[in-house]
Amino acid sequence: MKKVYNIPDEGKFGGNNLKNKLLKIFDKTFLKFIVVGIINTLFGMAIMFYCYNILDLGHWFSSAMNYLFGGILSYFLNKKYTFEVKKTSQKAIIRFAINLTVCYLIAYGVAQPLALYLFQGAGEKLQGNIALGIGMGLYVLLNYVGQRFWAFKQDEAIESDKEIIEKNTF
């Protein structure tokens, strides 16, 4: 027989309350986000390596094409599939672009000093690769939270507000 333990609610940040909040954030939507991320990564890498190796367009241009076209694909896949937002608004596109930029700056801004501090004895190349890995992980988490609770969330709230106003208008 399986024993069930009730953990008392320990306030705003403890017990079941924290567990429930984490389960709400990391639900099936998070899994969809990861699948879209994998598709987006493969798509962006294909463009980047095609531009670099076949078209011989250079490192910076090729990587810029990865982020440009990867960002566009990411917007549409996450909008439709992950967060199931029905309408496109200019506000959502701007929020999406701001979110990507802020997440990138925070993730990679934190990752490099952290890797340099934690791996002081390692070689410069290893520290750089570790920093990139840390940055990627932070970027994914920050980007998910930003898209779910800010970039696309407001569209749902706007639609709900419009429906309430229309129902209450005589």
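Reader: Which helix gives the largest share of the lining of the largest pocket?

Author: α2 does, with 12 residues. Helices are DSSP runs of H or I, at least four residues, numbered from the N terminus. A pocket is an open set of points on a 1 Å grid over the protein atoms alone, where a 1.4 Å probe fits, with protein on both sides within 12 Å along at least five of seven lines; lining residues have an atom within 4 Å of a point. This is a predicted model, where local features need pLDDT of at least 70, side-chain atom pairs count only at pLDDT 80 or more, and totals for chains, interfaces and linings use all residues. Residues are numbered from 1 along each chain as its sequence is written, and side-chain values use heavy atoms, without hydrogens and water.

Reader: Which residues lie nearest the centre of that pocket?

Author: N66, Y67, Y108, M136 and Y139, out of 38 lining residues.

Reader: New topic. Where is N78, and is it buried or exposed?

Author: N78 is in helix α3. N78 counts as buried because its relative accessibility is 2%, and buried means under 20% relative accessible area with a 1.4 Å probe, protein chains only.

Reader: What does the N78 side chain join up with?

Author: The side chain of Q147, through a polar contact of 3.2 Å. A polar contact is a pair of N or O atoms within 3.5 Å, one able to donate a hydrogen and the other to accept it.

Reader: And what is the mean pLDDT?

Author: The mean is 81, and 81% of residues reach 70 or more; pLDDT is the predictor's confidence in each residue, from 0 to 100. Over residues 2-10 the pLDDT is below 50.

Terms used
Helices (H or I, at least four residues) and strands (E, at least two) are DSSP runs, numbered from the N terminus. Buried means under 20% relative accessible area, exposed over 50%, partly exposed in between (1.4 Å probe, protein chains only). Contact means heavy atoms within 4.5 Å.
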